[in-house]
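Subject: Structure for you to look at

Hello,

Here is the structure I said I would pass on. My notes follow below it.

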Amino acid sequence: MATVNPTLKQSADLSAGDTDLNRRVLTLIGSFRLIVAAAMLLVAVLQTDPIFLGGRYPLLFITTACVYCLGSMTIALVLRGEQAHTRQLAWLQLVVDIACITLIVHASGGIGSGLEALLVVFVVASAMTLSARSSYFAAAIAALAVLLEQTPDRLYAARLASPLVLGRGDGENFIASDIPAILSYTRSMLFLEDGEIAELSAEGIRIENATGETVQRQPKNITWSAAMAEKEGYKHFMLKEINEQPRAITDTLRGRISLEHGDVTLDEVPLLTPEAIAGIRRILIIACGTSYHAGLVGRLWIEKFSGIPAEVDLGSEFRYRDPLLSPDTLVVSISQSGETADTLAAVKTAKEEGCKVLSICNVVDSSIARTSDGVLYTHAGPEIGVASTKAFTTQLTALYLLALAMGKATGGLSTQELAIKVDALAKVPGLVEHALHSDAAIRDVAERYYRASDFLYLGRWLNYPIALEGALKLKEISYIHAEGYPAGEMKHGPIALIDEHMPVVVIAPRDKVYEKIVSNLQEAKARHAVVIAVGEEGDNELREHAEEFIPMPACSEESLTPLLTVVPLQMLSYHIADIKGTDVDQPRNLAKSVTVE
Ligand code: AGP
């Protein structure tokens, strides 16, 4: 039996035959437009247009030729599967069309003759049709699965930009948009590349590339179990995933640290051998959303432990800032899904500029993993809830390991310092487990504040990115407006927002900026804010300053606090959303993998 999983998403409004036909039609239109453009240019240069407009306006022909060239370019990009500028080109085309029409009408002093009117209609119709088709095709770039009436024992699948997974079963094969969807049927999976088409029958899977050649590809064995993709008695996937964090962090550490030797080894990734690290002069971290917040923390760790300058950028911004890159820059991309379009595009740009790319990724063989030069996998298991939780803490774990490995290679960390940090890191899963015990107390806090319309999250240093992450979690699942801010910046603007209706979540572990953030807390209190403090158990001073106190376990290594402070914030968001009754696992307007720009 061949099965299309019902969760297949974004199936474009096209059939397979339609797609093939459209590719051919588009190629034809593209070629036709190029020929017409060349002819128009020739007419304009020779200025011998005896038929239309009496040779008055060669500019008109040049403009029309431009319209046609743009059309061809748009089509070429669509056919190559590059979504980047197709929409913009389609719109630009429309603008030029209108300019062209205006010129024609002006040139003919109104629509003078039947022939001129015909020309107007022709230009308008062809340009607008193509503009619309280009936009349509740009939007339709997706993964699709098709069952034809004529061949009911066969399924066809094609991929362009969106992920598509093929599962190999025993006498049955599967198509899905994501690994978890078919985990309960098979763990043997193949991943389609852009432009590839697959034919599935009960007996087998055949893959062809865009030029019709057969592609031989070995299936990968996915180690995730089917149970991992089920709720297992939890009300929501998000709650289950929050509770899985101790296990996920342990799995991400496994085989990479040695307590006996107080050491870290990431030799599984050739890019991260001590010799390879010695050649790195700069680190550029690229990610989106929650993964970006992990990157902000990772940057601080890398710089502190290794002394290598590091910066962080959003995937969606990176390409547009003309990045200054050199071969001794290591680009580190972070993505749970490995399919985020902006991050993937940034990775490609970095590679084009000659940089090596290391990815921190959760999904084996995802597009970003395959495009990178090396992958440091997080072992979070499948994350189904749209709001990222265990993926975030495992990303932090992987980044901490990376920072330690770099500190070891550069000598930024002594053997003794490394051993102390490795020892503290190994204790994190137990501390996260402990942090989960505050669940009931956090639920109580959520009951008291779920009606608030705005929250402010304040943190400093390593916990400033955690303030951003706490605010993101709250807004994406509870739809409450929330802002994360570096606490020291509060006085430069956001303080104006504070009144007795504004809960202010202050993240205050006892680290080197503790005194500073307590002072920020008092500033907020003086403006009548309702302060919800997240602090270490037994911190009575903090408890006294705040209306609400959410305890977290203390950690011997202050650099590790982000892994602990984020847990109560995830739980607070979860409970607020649950009390409000929003769709926790699939909040409105959001997708788990953002495969469009
Ligand atoms: C996290 O809660 C969000 N759903 C979102 O910000 C996400 O982190 C972002 O889309 C990046 O996804 P990725 O890690 O799969 O690249």
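Two points on the source first. This is a predicted model, in which local features need pLDDT of at least 70 and side-chain atom pairs count only at pLDDT 80 or more, while totals for chains, interfaces and linings use all residues. Residues are numbered from 1 along each chain as its sequence is written, and side-chain values use heavy atoms, without hydrogens and water.

Polar contacts are pairs of N or O atoms within 3.5 Å. A polar side-chain atom of Thr-340 is 2.4 Å from an oxygen atom of the ligand. A polar backbone atom of Gln-336 lies 2.7 Å from a ligand oxygen atom, and one of Val-386 lies 2.9 Å from a ligand nitrogen atom. Alone, the ligand exposes 410 Å² (Shrake-Rupley method, 1.4 Å probe), and the protein buries 90% of that.

On confidence: the mean pLDDT (the predictor's confidence in each residue, from 0 to 100) of the chain is 85, and 82% of its residues reach 70 or more. Over residues 1-19 pLDDT stays under 50. Where pLDDT is low, the predicted coordinates should not be read in detail.

Regards

Definitions and conventions:
Polar contact = N/O pair within 3.5 Å; in protein donor to acceptor, adjacent residues only side chain to side chain. Contact = heavy atoms within 4.5 Å.
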